[in-house]
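Hello,

Here is the structure we spoke about, with its sequence.

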Amino acid sequence: MHNGSGTIDKADIINVIVTCTQAGRFAYVANQISNTLSAYSIDSASGFLTPVAGSPFVASGTAPVSLTVDPNHQFLYVVNNGSNDVAVYSIDSTTGVPTAVGLPVATGSGPAAVTVDPTDSYLYVANNAAASVSAYTIDNSTGQLTELSNSPFAVGADPTSLQTDPNGNFLYVTDFGAGDVAVLAIDRATGSLSPISGSPFRADTGARSIAIDPAGTFAYVANETAATISEYSINESTGALTAVSGSPLATGTGPESLAVDPAGRYVYVSNVTAKNKVAAYLIAPSSGALSASGSPVAAGTLPVSLVIDPSGQFAYVANDNSDDISVYAVNATTGVLTPAGDSPFAAGNGPLSIAID
C-alpha cells in the first residue's frame with residue numbers, strides 16, 4: 001500500500017509505505033526483437049511460470065526493452081526503445097492480462113530503463129541516446145502519465161539504469177560510458193530532479209545496472225566492462241555514495257544485472273564468475289561488503305535481467321540470446337539458488353527485461 005495517511009497523537013502522517021511480502025502473482029517480460037510482451041501466472045509453491053491467456057501480447061510501441069509494475073500492482077509500464085516512448089497497461093488482478101491504457105507517451109531518444117518511485121507518484125525513464133532522464137506524474141486512477149514541465153533532466157552521457165531509494169528521496173542513475181553513478185534529489189511535491197553535491201560518484205568501466213537494499217543503506221552497481229561490482233554505503237540524509245572498503249569486487253566476467261533480496265541479506269548477480277551463470281553474495285550488515293555464498297548456478301545464454309519475487313522465495317532471470325526465463329528457488333537460510341524443475345520457460349525473441357507483480 002502507498003500514499004496512505006492517518007493521525008498519531010494529533011500529528012498528521014503522510015506518504016506511508018507498507019511493503020508486502022506475498023509471493024509474486026504474475027511475471028512480465030519485454031521481448032525486444034519479437035516486439036511483444038510475455039505474461040505469466042506464477043505458481044506460489046514452485047515459482048513455475050504458466051503463460052496467461054493471450055500471451056504473448058503485441059507491444060504498443062516498437063522494441064520494448066524495459067518494464068516495471070507500479071507499487072500498487074495496478075499498472076505495467078513498458079519503455080519502447082524503437083519508438084521512443086513509454087506505454088501504460090492496466091493489469092487484470094485476476095488473470096494478469098495487460099491492457100493498453102491510451103497511447104504511449106513520448107520519452108527522450110533511446111529510452112533504456114524505467115522505474116516508479118515508492119509512493120507511486122512519479123515515473124522516471126533513462127534516455128540512453130539523449131543522455132537524459134524524463135520525469136512524469138502518475139494518475140493513480142488511470143495509470144496515465146503527464147510529463148513534468150521541466151523534464152527531461154540532463155544526466156551523464158550514457159544512462160543505462162535507474163533506481164530510487166526506498167523512501168523516494170533520491171534517484172540513482174548509472175552511466176555506462178563514464179563508469180559512474182549520478183544521484184539526483186527528488187522533489188517530493190513535484191517529482192522534479194536536481195543533482196546532489198558530489199554527484200556523479202565513481203563506479204567502474206561499463207556501469208550497467210544498480211540495486212539498492214530495502215533499508216536504503218547500501219547500493220551495488222554491476223560494471224559489465226570492468227567485470228566488477230561496486231559497493232557503496234548510502235548517506236540517508238544526502239543520498240551521497242561512499243565506496244565500501246575493498247570496492248570494487250572482481251567478478252571474473254561481465255555482470256549484467258543485480259538484485260537485492262527483500263530481507264536485504266543477499267545480492268544476486270547475473271553473468272558473473274563464469275559466463276551465463278548467476279551468483280549469490282552475502283551482504284555484511286555492518287559494512288555492506290559482499291562475499292560469495294555457495295556456487296554459481298547455470299542460466300540461459302546472456303542473462304541480462306534478474307529479479308527476486310516480493311516474498312524472496314524465487315529468482316527470475318531473462319536470457320536474451322536463448323529466448324527464455326530461468327527460475328530458481330531461494331534457500332531462506334543460505335540464499336543459495338536451486339533451478340526450478342521445469343526451468344527454463346520459453347519467452348519471446350530477445351527478452352531484455354522481467355518484472356514481477
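**What was found**

Leaving aside residues up to four places away in sequence, Ser151 touches Val133, Ser134 and Ala135. Please keep in mind that this is a predicted model.

Two polar partners of the Ser151 side chain can be named. One is the backbone nitrogen of Ala135, reached at 2.9 Å. The other is the side chain of Glu147, with a polar contact of 2.7 Å.

Gly312 is another loop residue, placed between strand S32 (303-308) and strand S33 (314-319). Gly312 is buried, at a relative accessible area of 17%. With residues up to four places away in sequence not counted, Gly312 touches Pro262 and Val330. From Gly312 to Ala332 there are 20 residues in sequence, and the C-alpha to C-alpha distance is 7.9 Å.

**Aromatic pairs**

How many aromatic pairs does a search of the whole structure find? The search finds two. Phe48 and Phe345 form a tilted pair, with 5.7 Å from centre to centre and 55 degrees between the planes. This pair links distant parts of the chain, 297 residues apart. Phe48 is in the loop between strand S4 (36-42) and strand S5 (49-51), while Phe345 is in strand S36 (residues 345-346).

Tyr266 is buried at a relative accessible area of 6%, and Tyr268 counts as buried at 0% relative accessibility.

**Salt bridges**

Side chains of opposite charge can pair when their charged atoms come close. The structure holds two salt bridges.

In one of the salt bridges, the side chains of Arg25 and Asp357 meet at 2.5 Å, N to O. Arg25 lies in the loop between strand S2 (11-17) and strand S3 (26-31), and Asp357 lies in the segment after strand S37 (351-356), so the pair ties together parts that are 332 residues apart in sequence. Arg25 counts as partly exposed, at 29% relative accessibility, but Asp357 is buried, with a relative accessible area of 2%.

The side chains of Arg208 and Glu224 also meet in a salt bridge, at 2.7 Å, N to O. Here the parts tied together are 16 residues apart in sequence, because Arg208 lies in strand S22 (residues 207-212) and Glu224 in the loop between strand S23 (218-223) and strand S24 (228-234). Arg208 is partly exposed, with a relative accessible area of 28%.

Regards

Conventions
Residues numbered from 1 in each chain as written. Predicted model: local features only at pLDDT ≥ 70, side-chain atom pairs only at ≥ 80, totals over all residues. Heavy atoms only, no water. Polar contact = N/O pair within 3.5 Å; in protein donor to acceptor, adjacent residues only side chain to side chain. Contact = heavy atoms within 4.5 Å. Helix = DSSP H or I, 4+ residues; strand = E, 2+ residues; numbered from the N terminus. Buried < 20%, exposed > 50% of the residue type's maximum accessible area, 1.4 Å probe, protein only. Phe/Tyr/Trp six-rings, centres within 6.5 Å; stacked < 30°, edge-to-face > 60°. Salt bridge = Lys/Arg side-chain N within 4 Å of Asp/Glu carboxyl O.
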